[in-house]
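Good morning, colleagues. Please take a moment to look at the sequence and the structure before we go through them together.

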Amino acid sequence: KQVLVRIEDLCKYFRLSSKEELKAVDHVSFDIFRNETVGIVGESGCGKTTLGRTVLGLYPATSGRVLFDGMDVHSAGKREMREFKKRAQIMLQDPYASLNPRMTVRDIIAEGLETRGNFSKAEKDERVCELLSLVGLRPEYRSRYPHEFSGGQRQRIGIARTLAVEPEFIVCDEPISALDVSIQAQIVNLFGELKEKLGLTYLFIAHDLSMVRHISDRVGVMYLGMMAEMADSRELYENPRHPYTKALLSAIPSTDPDQPMSGRRIRMEGEVGSPVNPPAGCRFASRCPWATDRCRKEMPLLRQVAPGHFCACHLEERQGT
Ligand code: SF4
């Protein structure tokens with residue numbers, strides 16, 4: 001397996017005042033392999049969106065590094081950055097807001113094509129038709145405007161525009177959460193098909209664990225700026241180790257009695273901590289049913305608890321390697 005994106009001890013802090021600092025991403029490290037999908041989940045405010053943007057260089061890092069195909073994203077020169085922006089793209093949550101209502105679908109998609117060189121009008125038109133077919137829309141739709149489409153279709157148009165740039169790596173920032181549940185699965189399937197057809201690599205950000213399960217090879221669970229747990233998707237769902245992951249999984253309604261957390265609802269009752277001046281110990285301690293005094297004083301480190309399975313919890317230490 002070849003590493004495409006290496007995230008090394010990445011921190012992104014926002015200074016709010018002389019005394020307050022929001023630690024949106026705090027010492028996060030992991031690799032993303034070529035043609036892999038890494039899902040990142042967590043509640044809003046856990047830092048997942050900031051992580052995606054910092055990985056793409058849209059926010060400067062406070063410390064740490066992001067290496068894309070060996071290039072340090074945060075110290076790249078202008079020319080390298082231009083090249084990087086073609087190879088790495090972002091897909092946003094709300095397809096409607098990101099599509100210009102006064103442009104036809106043809107012009108919206110053609111905008112992406114312009115980054116790839118000069119095409120004649122006929123070549124552009126042909127490529128737009130190809131891209132629409134690729135995302136499951138009829139080529140005849142290209143002369144229509146965004147308001148003439150449903151939410152799912154608009155998301156497909158947004159995907160076609162992103163693909164026009166011919167990226168290798170796409171950060172998908174909650175790309176399905178604005179859609180009806182019935183449409184979400186279709187768009188997730190489309191992402192999966194495109195990954196196989198085009199050899200894409202995704203960082204797929206979502207708040208819903210059940211959705212990322214089907215698209216992700218590996219899943220990372222973030223809590224207040226830190227990675228609480230990361231493992232192969234199947235391992236994480238079948239054998240969750242971190243109390244927060246267990247609580248999230250136990251909250252998913254399941255008709256499958258074999259689902260490990262099925263019928264074992266874990267309630268998170270305490271107050272949600274804050275990433276602003278976070279406490280010294282485990283950030284989940286205020287809501288964790290198993291928290292001890294040690295948890296409130298000492299931060300657990302992310303350590304390997306089984307091959308390829310990482311967890312940051314004192315309870316798992318005895319099994320650590
Ligand atoms: Fe809970 Fe302690 Fe583990 Fe944190 S370290 S998740 S508080 S048991």
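Predicted model: local features only at pLDDT ≥ 70, side-chain atom pairs only at ≥ 80, totals over all residues.

The protein chain contains 10 helices and 12 strands. Along the principal axes, the C-alpha atoms fill a box of roughly 70 × 50 × 40 Å. Of the 321 residues, 39% are buried. If we take contacts with a separation of 6 or more, 61% of them are between residues 24 or more positions apart.

Let us turn to the interior. Nonpolar side chains in soluble globular proteins tend to be buried together. In this model, the largest nonpolar core has 81 residues. Ala160, Leu203, Phe204, Tyr223 and Ala228 are the ones with the most contacts inside that core. Which residues does Tyr223 touch, leaving aside those up to four places away in sequence? They are Gly42, Cys46, Ala228, Tyr244, Arg283 and Phe284.

Next, the strands. An open sheet is formed by 4 strands in the order β2-β1-β4-β5, with antiparallel pairing. The edges are β2, residues 21–33, and β5, residues 71–72; each has a single partner strand, so one side of each is left without a neighbour in the sheet. Strand β1, residues 3–15, pairs with β2 in the antiparallel sense over 9 bridges. Within that pair, Ile7 has Phe30 of β2 as its bridge partner.

Strand β6, residues 88–91, runs parallel to β7 and is joined to it by 4 bridges, with Met91 standing opposite Cys172. Strand β8, residues 201–206, is also parallel to β7, and 5 bridges join the two. The bridge partner of Phe169 in β8 is Thr201. How many of the 5 residues of β7 are buried? The count is 5 of 5. In a regular strand, side chains alternate between the two faces of the sheet. In β7, Phe169, Val171 and Asp173 point one way, while Ile170 and Cys172 point the other way, and all are buried.

Helix α1, residues 48–55, is mostly covered, with 7 of its 8 residues buried. The buried ones are Lys48, Thr49, Thr50, Leu51, Gly52, Thr54 and Val55. After α1 comes Gly57, whose phi is positive, near 80°.

Helix α6 spans residues 181–198 and includes Val181. Is Val181 buried or exposed? Val181 has 9 C-beta neighbours inside 10 Å and therefore counts as exposed, given that the limit for an exposed residue is 12 or fewer. Val181 and Leu99 are 82 residues apart along the chain, and their C-alpha atoms are separated by 22 Å.

Thank you for your attention.

Notes
Residues numbered from 1 in each chain as written. Buried ≥ 20, exposed ≤ 12 C-beta atoms within 10 Å, placed from the backbone. Pairing = 2+ DSSP bridges. Contact = placed C-beta atoms within 7 Å. Core = buried A, V, L, I, M, F, W, Y, C linked by C-beta atoms within 7 Å.
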